[in-house]
Amino acid sequence: WEWCLNKYDNPMDVSVDNTDERRVLRGGAWYSEADRSRCAIRDWDDPWSGYYDRGFRCCATDSLSF
C-alpha cells in the first residue's frame, strides 16, 4: 500500500496538516488479492498507524528543466 496525501473523507483537500484525519492508501500490498493489487484500489488508515505493508513513493525532478 502506498500512502497518499489525500484525506479519505475529503479527497480534494491535499493541504499539509497535522490532524488525525484518515489518509488514502492505494495499490494493495504483496499479499493482497489480485483484484486489490492495482493503482485504482483505494483504502484508508489513520496517519499515525504503521505496518510493514505501507510505504510512500519518493520522487524528484531535474530543476534544470524548468
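Is Y8 buried, exposed or partly exposed? Y8 is partly exposed, at a relative accessible area of 24%, where buried means under 20%, exposed over 50% and partly exposed in between (1.4 Å probe, protein chains only). The model is predicted, so local features need pLDDT of at least 70 and side-chain atom pairs count only at pLDDT 80 or more, while totals for chains, interfaces and linings use all residues. Residues are numbered from 1 along each chain as its sequence is written, and side-chain values use heavy atoms, with hydrogens and water left out.

**Aromatic pair**

- The structure contains one aromatic pair; rings of Phe, Tyr and Trp (its six-membered ring) pair if their centres lie within 6.5 Å.
- The pair is formed by Y8 and W44, and it is tilted because the ring centres are 6.2 Å apart and the planes meet at 45 degrees; planes under 30 degrees apart count as stacked, over 60 as edge-to-face and the rest as tilted.
- Y8 lies in the loop between β1 (2-7) and β2 (23-26) and W44 in strand β3 (residues 42-45), so the pair ties together parts that are 36 residues apart in sequence. Strands (E, at least two residues) are DSSP runs numbered from the N terminus.
- W44 is partly exposed, at 32% relative accessibility.

**Charges over the two rings**

- R42 places its charged end over the ring of Y8, 4.2 Å from the centre; this term requires NZ of Lys or CZ of Arg within 6 Å of the ring centre and within 35 degrees of the ring normal.
- R22 lies over the face of W44, at 4.4 Å from the ring centre.

**Arginine in strand β2**

- R23 belongs to strand β2 and is buried, with a relative accessibility of 8%.
- The R23 side chain reaches the backbone oxygen of E21 at 3.5 Å.

**Nonpolar surface patch**

- W30, Y31, Y51 and Y52 make a nonpolar surface patch of about 620 Å². Patches are made of residues with over 30% relative accessible area and no salt bridge, with nonpolar side chains (Val, Leu, Ile, Met, Phe, Trp, Tyr) joined within 5 Å; a salt bridge is a side-chain nitrogen of Lys or Arg within 4 Å of a carboxyl oxygen of Asp or Glu.
- Y31 is located in the loop between β2 and β3 and is partly exposed, at 44% relative accessible area.

Note on methods. Helix = DSSP H or I, 4+ residues; strand = E, 2+ residues; numbered from the N terminus. Patch = residues over 30% accessible without salt bridge, like charges linked within 9 Å, V, L, I, M, F, W, Y side chains within 5 Å. Areas by Shrake-Rupley, 256 points an atom, 1.4 Å probe, with all protein chains shown as cover. Polar contact = N/O pair within 3.5 Å; in protein donor to acceptor, adjacent residues only side chain to side chain.
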